[in-house]
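Here are my comments on the model you sent. They are set out as numbered points, to be read with the structure open.

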Amino acid sequence: MGSVSESLMQRMTLGALCSRYGLVLQPPFASPVTVTSLADDLDSVRPGSLYVPTGTDPTPELLHQALERGAYAVLAPMAVRGMLVNADLPVLYGDLDAAQLGALASGIAGGPSDALAMFGVCGPKADETIRVLAEFLHVLGNPVGRISAQGSFALDRELNIEYPLNTFEVQHVLSVCAEDGAAAVVVAIDERTLHRGSLSAVNMDVLAVADDDRLSVETQRHLLAAAAAEYGFAIGEDTHVTWRTSESDAMAIQASSTDDPLSVNRLSTSIAMVMAAGVRKGNIRNALRVSRELS
């Protein structure tokens, strides 16, 4: 479970949340109250939180516990509106879908994915590819964050988090990476790392499939579309969808210090992704040479 803290530049009042998401506030006079974080379980509630309980409907007792921990308000489904009369703290009533919850979490965190170059790799073997990609981006001179069930990092600092991550936790990790100075974040888009819908409101810049089997382009497009539907991110006009090419394969083979075909494939996918991000081939070749010398 997790929480999302407010960006230094972002303020959200209960009244603004009502206007933006069609919520109903009780009592109405609490509209000027400003929330400073989101929390989806009691342990994550701290002073200023909007408590958004998951997996259970809020009860008067739950609201009282949230208030004791410092919550400023709670988000509750419309179905329990008549059950929380005379609640101890303001209640926002509404039924937000995954996309709206993602937008809410992203908004209160200051939209961290907008400030980062976001690289996503889909598939059951994504974590191995993003490890190679993160190392390659680092050699290219980019401070990198990594999100994977095999280990998540903000630059060199390993993050102590539990998987799979939900929407709030993803936004929190992205905020931490941005605050630590990351320029890019690589994400393993798989069920071990992420809950369904957890990438809602995350703007992905470059996408690829962890392709160890030379899948067809049509198959890879299908897998990416299925991942977008599962995890909530959009593949828009500004999203660069890429895959291994004969050129990236040749560069990976030339630069690789091993004959392991899986390692070469993962490096080739990483090369294709940074090329799609606009990195010049000369810079890529220089980085590959440095990487080989270091290894």
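1. Glutamate 135. This is a predicted model, and I start with one side chain in it. Glutamate 135 is partly exposed, because its relative accessible area is 42%, which falls between the 20% limit for buried and the 50% limit for exposed. The residue belongs to helix H4, which covers residues 126-139.

2. Which residues does glycine 123 touch, leaving aside neighbours within four places in sequence? They are Ile189 and Asp190. Of these, Ile189 is the end of strand S13, which runs over residues 184-189. The sequence distance from glycine 123 to isoleucine 108 is 15 residues, while the C-alpha to C-alpha distance is 30 Å.

3. Helix H3. Glycine 107 is part of helix H3, residues 98-109. Is glycine 107 buried or exposed? It is buried, because its relative accessible area of 18% is under the 20% cut-off. Methionine 12 lies 95 residues away along the chain from glycine 107, with 8.7 Å between the C-alpha atoms.

4. Serine 49. This residue is in strand S6, which spans residues 49-51. Serine 49 counts as buried, since its relative accessibility is 0%. A polar atom of the serine 49 side chain lies 2.9 Å from the backbone oxygen of arginine 46. Beyond residues up to four places away in sequence, serine 49 touches Val35, Ser37, Ala39 and Ser44, and also Gly70, Ala71, Tyr72 and Ala73. Val35 is in strand S4, residues 34-35.

5. Threonine 242. The loop between strand S15 (240-241) and helix H7 (246-255) holds threonine 242. With 11% relative accessibility, threonine 242 is buried. Its contacts, not counting residues up to four places away in sequence, include Val206, Leu207 and Ala208, three residues within the 206-209 range of strand S14. Gln220, Ala272, Met273 and Ala276 are also in contact with threonine 242.

6. Cis peptide bonds. Most peptide bonds are trans. Glutamine 26 and proline 27 are joined by a cis peptide bond, with omega about -5°. Proline 27 is in the loop between strand S3 (24-26) and strand S4. The bond between tyrosine 163 and proline 164 is cis as well, with omega about -5°. Proline 164 is placed in the loop between strand S12 (157-158) and helix H5 (167-179).

7. Positive phi. Most residues other than glycine have a negative phi. Leucine 155 is not a glycine, but its phi is positive, about 60°. Leucine 155 occupies the loop between strand S11 (153-154) and S12, and is partly exposed at 31% relative accessible area. Alanine 201 also has a positive phi, about 70°, without being a glycine. Its position is the loop between strands S13 and S14, and its relative accessible area of 32% makes alanine 201 partly exposed.

8. The chain overall. How many helices and strands does the protein chain have? There are 9 helices and 15 strands. The C-alpha trace spans about 70 × 35 × 30 Å along its principal axes. Of the contacts between residues at least 6 apart in sequence, 65% join residues at least 24 apart.

9. Surface and charge. Buried residues account for 50% of the 295 residues. The accessible surface is about 13700 Å², and carbon and sulfur atoms contribute 51% of that. The protein chain carries 20 positive and 35 negative side chains. Where do the centres of the two sets lie relative to each other? They are 8 Å apart.

Note on methods: Residues numbered from 1 in each chain as written. Predicted model: local features only at pLDDT ≥ 70, side-chain atom pairs only at ≥ 80, totals over all residues. Heavy atoms only, no water. Helix = DSSP H or I, 4+ residues; strand = E, 2+ residues; numbered from the N terminus. Buried < 20%, exposed > 50% of the residue type's maximum accessible area, 1.4 Å probe, protein only. Contact = heavy atoms within 4.5 Å. Areas by Shrake-Rupley, 256 points an atom, 1.4 Å probe, with all protein chains shown as cover. Lys, Arg positive; Asp, Glu negative; His and termini not counted. Charge placed at Lys NZ, Arg CZ, Asp CG, Glu CD. Polar contact = N/O pair within 3.5 Å; in protein donor to acceptor, adjacent residues only side chain to side chain.
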